[in-house]
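Let's take a friendly walk through the salt bridges of this protein. Have the sequence and the model open beside you as you read.

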Amino acid sequence: MKKYVIFHYGFETPTQQIMDAWNKWFASIGDKIVDPGSPLGPGREISRLGTKDLPMGSESLTGYTVINADSIDAAEEIAKGCPMITSVRVYEAMSM
């Protein structure tokens, strides 16, 4: 089994309905979770050109979850059930 990181994009102020949807999704994938992750707040992007603040909005990276899955296709199917605000991205976590 491989590890995959699901990155969550988009922000809305959490309502009870949003929180219930997240709790239901986490319960449905409980045996596949390696790290449930954490919500992310405002951040900063640091580059050679300097630093800029990253506000919360529809394009913001707002969290991550690490799961086990047999393939990227299986990880995608798990991610499709996520109560996404804007979108999610799935990446394989490569071994070093």
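## The K32–D31 pair

K32 and D31 form a salt bridge, with their closest N and O atoms 3.7 Å apart. The term here means a side-chain nitrogen of Lys or Arg within 4 Å of a carboxyl oxygen of Asp or Glu. K32 is partly exposed, at a relative accessible area of 30%, while D31 is exposed, at 65%. For these words, buried is under 20% relative accessible area, exposed is over 50%, and partly exposed is in between (1.4 Å probe, protein chains only).

## About the model

This is a predicted model, in which local features need pLDDT of at least 70 and side-chain atom pairs count only at pLDDT 80 or more, whereas totals for chains, interfaces and linings use all residues. Residues are numbered from 1 along each chain as its sequence is written, and side-chain values use heavy atoms, leaving out hydrogens and water.

## The K52–E45 pair

A salt bridge also joins the side chains of K52 and E45, at 3.5 Å from N to O. K52 is partly exposed, with a relative accessible area of 48%, and E45 is partly exposed too, at 38%.

Which residue meets E76 in a salt bridge at 3.5 Å, N to O? That partner is K80. E76 is partly exposed, with a relative accessible area of 37%.

E76 and K80 also belong to a network of salt bridges that includes E77. By the rule given above, the count comes to five salt bridges.
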